[in-house]
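Have a look at the model, then read on.

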Amino acid sequence: MKLSEAISRIPGPALWLGVAGLLPFWLPFLLLGSEAEQGTASRALLIQMGYGAVILSFLGGIRWGAALKLPPGPLQATLFVLSVLPSLAGFVALLLPATVGLILLIGGFLLQGVWDVQSSQRGELPPWYATLRAMLTTGAVLALVAAIVVRAVSTS
């Protein structure tokens, strides 16, 4: 299936809200890359990381909701536990030095993205969700990688 066809299967509100949700990843990065004063760059990085932590938590909440549909038992319990890990990773990322925190967020998004795509392909989540998650994970991870690069260049 062509990418354009796969994207056309995503419900409009999910697509547009998802794409709009990438803006808080990229707008702070643009401030980081500007010739702004150091305080502005630090605040932009904190905004980007804080938003990343919130979105990881949101993604975990989606997985918690998916687990609610399962019958009580070991699988459901395991999925409940796994669904809180993104929130914990996001929280810990905010407590770490910036570059390490960004790397943790990147890892969290990549792991969550792989899990979501595989779950969608197995029929546990809607088929269109794999396409949406792949697109949004790519956009978020690229913004976080860009922040690491900008930090490295600006501190050298």
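1. Start with Arg122, which counts as partly exposed at 49% relative accessibility. Buried means under 20% relative accessible area, exposed over 50%, and partly exposed in between (1.4 Å probe, protein chains only). Glu124 is partly exposed too, at 42%. The side chains of Arg122 and Glu124 meet in a salt bridge, 2.9 Å from N to O. That term stands for a side-chain nitrogen of Lys or Arg within 4 Å of a carboxyl oxygen of Asp or Glu.

2. A word on the source: this is a predicted model, where local features need pLDDT of at least 70, side-chain atom pairs count only at pLDDT 80 or more, and totals for chains, interfaces and linings use all residues. Residues are numbered from 1 along each chain as its sequence is written, and side-chain values use heavy atoms, with hydrogens and water left out.

3. The structure holds four salt bridges. One of them joins Asp116 to Arg63, with the closest N and O atoms 2.7 Å apart. Asp116 sits in helix 6 (residues 98–121) and Arg63 in helix 4 (residues 38–68), so the pair ties together parts that are 53 residues apart in sequence. Helices here are DSSP runs (H or I, at least four residues), numbered from the N terminus.

4. Is this pair buried or exposed? Asp116 is buried, with a relative accessible area of 0%, and Arg63 is buried at 5%.

5. Asp116 also forms a salt bridge with Arg133, the closest N and O atoms being 2.8 Å apart. Arg133 belongs to helix 7 (residues 127–154), 17 residues from Asp116, and Arg133 is buried as well. Put together, Arg63, Asp116 and Arg133 are linked in a network of salt bridges.

Note on methods
Helix = DSSP H or I, 4+ residues; strand = E, 2+ residues; numbered from the N terminus.
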